[in-house]
Amino acid sequence: RAAQTAPRGFRIDQDALPSEAQPFAAAINRLLGRLDATAEAQEAFAADAAHELKTPLTILSLELEKLPGEMSMALRDDVAALSRLVDQLLMLARLDAQTAAETPRETINPKIIATDLVSALAPIALKTARHLAFEDAGAATFTGHWEAVTAALRNLLENALRITPEAGTVTVIAGPGARLRVRDEGPGLSPQRLAELSKRGMRADHASPSGAGLGLAIVARIMMAHDGALRVDEACRELILDFESVRE
């Protein structure tokens, strides 16, 4: 229970055990305490790094907007890419902390996450002459970390918008069950190619030159932390976040 499903702060009741087993239980409790402390320290680092790195990047971006010309536009794009990389690295740090010592999960409604992201990314889609659509295919709630699931879906959506040709449509589908699917009009991926791109540092041919090859690696890491799977339906050109194993 302590290793699989117990929340952070769980300790074995030593007094309920025979005296011969109590030293072993005490050792396990010390180990659990060290895991909790490590996770808390890593979460604190991620929070501090977010503040120390994001604030100057935001200020720099605002200052660059005051400058005219193509050079300032290129610099703004570079700063935006750096900010995105910082977000991805901090997400990995938080995921590692949550894995080291399990944090309480919450009920997640995939339909809400999907519609919120479609609304948030609609201006980007319009700016690049793409369309965003949403479908409810009978979504079911599941347990997990809301921020991480949102980050996973956002990564898939941003990739889909990049590879879909102009006037094409990217569709976000909630369901059936505890699944989120992203359908695009790009060249498609085979299961073998998806496995390759899920490794850190691997890039697709269409990857952004300013990226760090972390997108699908982060998605795969998020799914692993949720006991889920990142899958592909090659025929439908869909990437699938499958959370059926943690369905409520």
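Q: Axes are lines fitted to C-alpha atoms, for helices over the stretch in contact, and angles run from 0 to 180 degrees between N-to-C directions. With that in hand, what makes the axes of helix α4 (residues 146-163) and α6 a crossing pair?
A: The two axes come within 9 Å and cross at roughly 145°. Contact, meaning heavy atoms within 4.5 Å, is made on the α4 side by Ala148, Val149, Ala151, Ala152, Asn155, Leu156 and Asn159, and on the α6 side by Gly215, Leu216, Ile218, Val219 and Ile222.

Q: What are these values based on?
A: This is a predicted model, where local features need pLDDT of at least 70 and side-chain atom pairs count only at pLDDT 80 or more, while totals for chains, interfaces and linings use all residues. Residues are numbered from 1 along each chain as its sequence is written, and side-chain values use heavy atoms, with hydrogens and water left out.

Q: What kinds of residue make up the contact of α4 with α6?
A: They divide into nine nonpolar, three polar and no charged. The sorting rule is that Ala, Val, Leu, Ile, Met, Phe, Trp, Tyr, Cys and Pro count as nonpolar, Asp, Glu, Lys and Arg as charged, and the others, Gly among them, as polar.

Q: Why is the crossing of α4 and α6 called left-handed?
A: A crossing gets that name if the near helix is turned anticlockwise from the far one by less than a right angle, and right-handed if clockwise. The α4 and α6 pair falls in the left-handed class.

Q: What is counted as a helix or a strand in the secondary structure of the protein?
A: Helices (H or I, at least four residues) and strands (E, at least two) are DSSP runs, numbered from the N terminus. The protein has six helices and seven strands, in the order α-α-β-α-β-β-α-β-β-α-α-β-β along the sequence.

Q: Why does Leu57 count as buried?
A: Buried means under 20% relative accessible area, exposed over 50%, and partly exposed in between (1.4 Å probe, protein chains only). Leu57 has 12% relative accessibility, so it counts as buried. Leu57 sits in helix α1 (residues 22-64) and, leaving aside neighbours within four places in sequence, touches Val79, Leu82, Ser83 and Val86. Ala80 is 23 residues away from Leu57 in sequence, yet their C-alpha atoms are 8.3 Å apart.

Q: How do you know that helix α6 (residues 215-225) is mostly covered?
A: Nine of its 11 residues are buried. Among them are Leu216, Ile218, Val219 and Ile222, which also take part in the contact with α4.

Q: What makes the phi of Asp227 worth a look?
A: Phi of Asp227 is near 55°, a positive value in a residue other than glycine. At 55% relative accessibility, it counts as exposed.

Q: What can be said of the phi of Ala167?
A: Ala167 is another residue other than glycine with a positive phi, near 75°. The loop between α4 and β4 holds Ala167, which has 55% relative accessibility and therefore counts as exposed.

Q: Why is strand β4 (residues 169-174) described as largely enclosed by the rest of the structure?
A: Five of its six residues are buried, so the strand is largely enclosed.

Q: Which strands pair with β4, and what makes them pairs?
A: Two strands pair if DSSP finds at least two bridges between them. Strand β2 (residues 131-136) meets β4 in the parallel sense over six bridges, with Phe134 opposite Val172. Strand β5 (residues 179-183) meets β4 in the antiparallel sense over four bridges, and there Thr171 is partnered by Arg183. On to β7 (residues 238-242): five bridges join it to β5, antiparallel, with Arg181 partnered by Ile240.

Q: What lies between β4 and β5?
A: The two strands form a hairpin with four residues between them, and Gly175 in the turn has a positive phi of about 105°. Pro176 is in the loop as well, and the peptide bond from Gly175 to Pro176 is cis, with omega near -5°.
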